[in-house]
Amino acid sequence: MKNSIPRYTFHKNKYGSELLIDVVELKYVKKFLAASPVHTLTYYDITFITEGEGSFSIDNRTYEAFPQDVFFSKAGEIRNWDTHHISNGYALIFEDEFLSSLFRDSMFVRHLAFFKPGKSAKLHLSDELYTRVLQVLHNIKMEIDSYKQNDVHVLRALLYEVLMLLERAYQKAVLNEEITTDKEINNIHIDRFIHLVGAHLKEQHSVQFYADKLCITPNYLNEIITSVMGLSAKRYIQNQVIDEAKKLLAYTDVPISDIAFELHFSTVSYFIRCFRQHTGETPLLFRKKYKP
């Protein structure tokens with residue numbers, strides 16, 4: 001697609017042999033975002049703010065960033081942060097398989113509370129935790145600088161320590177503040193459904209497709225989605241498709257007709273009608289209001 005959002009992939013051989021984890025300073029990252037701060041990643045990123053204040057957007061949510069704030073983003077999410085006012089910090093980046101190969105659990109990272117769909121992507125660290133986590137990041141960087149091929153066990157242990165410290169803090173600081181009726185997505189079918197929709201939403205909009213992938217009936221899929229999320233499987237798919245359309249409208253110059261084609265709507269007019277039903281405004285009006 002022309003005028004697409006810049007996508008950054010993991011530099012696996014930056015240190016010679018393949019390594020799927022890194023810690024980089026934000027002041028170093030900034031130079032890659034000089035042309036356009038809007039971008040997307042193909043890996044997990046945990047950003048720690050150490051200096052400066054400014055906005056930090058992940059997909060369609062914008063947060064205010066301050067020192068000791070942490071932001072969590074997953075592959076494919078659209079990011080946009082204020083490179084002029086956020087002076088420095090650290091980005092802890094890693095590929096899913098770096099840990100999943102250790103635990104033999106491909107879902108380990110996705111099950112962390114701060115990486116689950118719909119959760120807040122921001123966490124503010126206490127002074128004590130902030131100091132402790134920065135020390136672990138420093139240790140990770142030291143291990144990377146002296147890295148030898150296949151010697152990843154200490155790095156995995158250090159990454160696991162950071163994730164568990166953040167998970168505990170997130171559970172306490174964020175999840176406890178949410179509405180008690182917000183039900184946890186803990187059903188294996190629901191977790192896989194969410195992942196499949198994220199992977200196929202541009203081409204597949206039918207409940208039948210996802211039910212077949214899960215080897216269950218569409219009725220059962222609707223039943224479990226409704227019981228946990230409070231909306232039908234069809235509505236969830238539609239919401240994700242419209243959210244994708246919002247990203248393309250807000251962060252690219254791609255013509256509306258091309259967006260309709262990219263998202264597999266039968267006609268442009270049908271796309272406009274669906275978008276207006278979901279948002280209350282046309283794609284053109286949405287773009288005028290929300291494009292940075």
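The legends below describe close-up views of a predicted model. Local features are given only where pLDDT is at least 70 and side-chain atom pairs only at pLDDT 80 or more, while totals for chains, interfaces and linings use all residues. Residues are numbered from 1 along each chain as its sequence is written, and side-chain values use heavy atoms, with hydrogens and water left out.

**View 1. The open sheet has five strands in the order β2-β9-β4-β7-β10, with antiparallel pairing.** β2 (21-25) and β10 are the edge strands, each pairing on one side only. From one strand to the next the twist averages 20 degrees. Strands, like helices, are DSSP runs numbered from the N terminus (strands: E, at least two residues; helices: H or I, at least four). Two strands count as paired if DSSP finds at least two bridges between them. Strands of a sheet pair through backbone hydrogen bonds, either parallel or antiparallel.

**View 2. Strand β4 (residues 44-52) pairs with β7 and with β9 (residues 86-94).** Eight antiparallel bridges join β4 to β9; in β9, Phe 94 is the bridge partner of Tyr 44. Helix α3 (residues 127-145) packs on the sheet and touches β2, β4 and β9, its direction making about 115 degrees with that of β2. Helix α4 (residues 153-173) also packs on the sheet, touching β2, β4, β7, β9 and β10, and its direction makes about 85 degrees with that of β10. Axes are lines fitted to C-alpha atoms, for helices over the stretch in contact, and angles run from 0 to 180 degrees between N-to-C directions. Contact means heavy atoms within 4.5 Å.

**View 3. Strand β7 (residues 69-73) is largely enclosed by the rest of the structure, because five of its five residues are buried.** Buried means under 20% relative accessible area, exposed means over 50%, and partly exposed lies in between (1.4 Å probe, protein chains only). In a regular strand the side chains alternate between the two faces of the sheet. Both faces of β7 are covered: Asp 69, Phe 71 and Ser 73 are buried on one side, and Val 70 and Phe 72 on the other. β7 pairs with β4 over four antiparallel bridges, and Phe 72 is the bridge partner of Ile 46. With β10 (residues 122-124), β7 forms three antiparallel bridges; here Leu 123 is the partner of Val 70.

**View 4. Glu 167 lies in helix α4.** Glu 167 is buried yet has no salt bridge (a side-chain nitrogen of Lys or Arg within 4 Å of a carboxyl oxygen of Asp or Glu). The nearest side chain of opposite charge, Lys 116, is 6.9 Å away; Lys and Arg count as positive and Asp and Glu as negative, with His and the chain ends not counted. A polar atom of the Glu 167 side chain lies 2.9 Å from the backbone nitrogen of Ala 113. Apart from neighbours within four places in sequence, Glu 167 is in contact with Leu 112, Ala 113 and Phe 114.

View 5. Most residues other than glycine have a negative phi. Cys 215 sits in the loop between α6 (207-214) and α7 (218-229) and is exposed, with a relative accessible area of 71%. His 264, in the loop between α9 (256-262) and α10 (268-279), is partly exposed at 49%.

Note on methods:
Polar contact = N/O pair within 3.5 Å; in protein donor to acceptor, adjacent residues only side chain to side chain.
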